[in-house]
Amino acid sequence: MDPKKISHPAIVELDGAYWFQEKSEESFPGQRFCLEVDEILHHSHSEFQDILIFKSKTFGNVLVLNGIIQCTEKDEFAYQELITHTAIMSHEKPSNVLVIGGGDCGVVRELVKHLDRGVDTITMVEIDDMVIKLSAQYLPHMAKFHDHPRVNIVIDDGFKFLRENKSKFDVIITDSSDPEGPAEEFFRTSYFELLSNALSPNGVVIMQSSENVWLNIDKLKELVSSSRHVFENVKYCQCYMPSYTSGQLGLIVATHNTSLNLTQPLRTFAADEEKKLFQYYSASVHQAAFVLPRWAADINEVDT
Ligand code: SAM
């Protein structure tokens with residue numbers, strides 16, 4: 001390793017090695033998550049955010065926006081599969097799907113699996129085209145369908161798109177970055193209202209919840225509660241993600257359809273097909289993701 005190559009404010013030298021450290025005094029004070037760095041592949045400031053991509057020793061290539069890990073090649077599939085298939089398999093016929101954010105294109109990769117299996121159109125609205133271009137270069141397995149002929153990629157602010165949009169979507173997946181930077185507004189009731197306006201009857205929305213159940217359970221409950229101001233049927237589910245804060249990430253799933261049981265897939269694949277398609281998701285994982293440990297179970301019971 002050439003030490004001259006490893007120079008970045010979030011990378012420190014420790015015990016003769018270089019470590020990327022993720023820190024946030026606001027979201028996770030008193031703790032830092034570190035990954036050993038092999039090589040910095042890219043660092044720049046786009047119009048919207050600081051972008052760092054490095055090759056790690058054990059997690060493959062890592063995308064970092066504004067100092068926060070967005071994905072690593074080792075564990076990205078857990079998040080991408082749960083956020084995509086939980087929503088898609090909860091809908092009877094998810095013809096038109098919208099992704100807000102999602103610049104690494106991992107969700108698009110998962111949605112392509114459903115083309116001609118219920119999904120007809122895929123639209124992704126990402127604010128920062130640099131994230132897409134760099135993901136195509138450094139995270140090719142994730143971004144392999146960034147130029148798929150049936151994927152419509154729109155470079156725009158997700159809020160502006162939703163305010164101006166006239167189409168209705170059956171599933172809307174918010175694959176945003178954390179509330180620091182251009183994604184702050186995603187975690188407010190006004191955003192749930194925009195989603196609601198763009199949703200077809202019986203449509204399903206899903207979003208990453210950003211807050212960690214171990215660290216910020218009260219904030220998480222506030223988020224679930226504000227989504228319940230807009231949607232009648234809201235559930236929280238979670239996945240294991242070693243590279244996200246404290247190893248866990250939660251998703252909020254919501255619909256106006258009160259008779260829909262979001263915790264059960266409405267449609268399932270045959271076992272051999274499921275094995276071919278997925279590494280993390282299965283019909284059983286779908287159900288299990290909503291089962292919370294006793295101390296956290298009331299997240300799914302909070303009132304508005
Ligand atoms: N899976 C990741 C996570 O949970 O950390 C998120 C991945 S994806 C890279 C997040 C994307 O949201 C980024 O590419 C960012 O540019 C995009 N984004 C942030 N604010 C946005 C906005 N207002 N409109 C559209 N995309 C936005």
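How many residues surround the ligand, and which are the closest? The ligand is surrounded by 26 residues, and the closest of them are Q49, Y79, E126, D157 and G158, where a residue counts as near if one of its heavy atoms lies within 4 Å of the molecule.

This is a predicted model, in which local features need pLDDT of at least 70 and side-chain atom pairs count only at pLDDT 80 or more, while totals for chains, interfaces and linings use all residues. Residues are numbered from 1 along each chain as its sequence is written, and side-chain values use heavy atoms, with hydrogens and water left out.

## The ligand and its shell

The shell around the ligand divides into 11 nonpolar, nine polar and six charged residues; here Ala, Val, Leu, Ile, Met, Phe, Trp, Tyr, Cys and Pro count as nonpolar, Asp, Glu, Lys and Arg as charged, and the others, Gly among them, as polar. At least two residues of this shell come from each of β6 (68-72), β8 (121-126) and α4 (158-164), helices (H or I, at least four residues) and strands (E, at least two) being DSSP runs numbered from the N terminus.

For Y79, the ligand atom is a nitrogen, 3.5 Å from an N or O atom of the side chain. Of the 590 Å² of accessible area that the ligand has on its own, the protein covers 99%, with areas computed by the Shrake-Rupley method with a 1.4 Å probe.

## Salt bridges

Side chains of opposite charge can pair when their charged atoms come close. The structure holds 14 salt bridges, each being a side-chain nitrogen of Lys or Arg within 4 Å of a carboxyl oxygen of Asp or Glu.

| Pair | Closest N and O atoms |
|---|---|
| K219 and E26 | 3.9 Å |
| R109 and E110 | 3.0 Å |

K219 forms its salt bridge with E26; K219 lies in helix α6 and E26 in the loop between β2 (17-24) and β3 (28-45), so the pair ties together parts that are 193 residues apart in sequence. K219 is partly exposed at 38% relative accessible area, whereas E26 is exposed at 63%, given that buried means under 20%, exposed over 50% and partly exposed in between (1.4 Å probe, protein chains only).

D129 and K133 are four residues apart in helix α3 (residues 129-138), and about one helical turn separates them. D129 is partly exposed at 31%, while K133 is exposed at 51%.

R109 and E110, by contrast, are both buried, with relative accessible areas of 5% for R109 and 1% for E110. These two residues also belong, with E76 and K113, to a network of salt bridges.

## A buried leucine

L82 is found in helix α1 (residues 76-88) and is buried, with a relative accessible area of 0%. Although L82 and S282 are 200 residues apart in sequence, their C-alpha atoms are 9.1 Å apart in space.

Technical notes:
A polar contact is a pair of N or O atoms within 3.5 Å; within protein, one must be able to donate a hydrogen and the other to accept it, and residues adjacent in sequence count only if both atoms are side-chain atoms.
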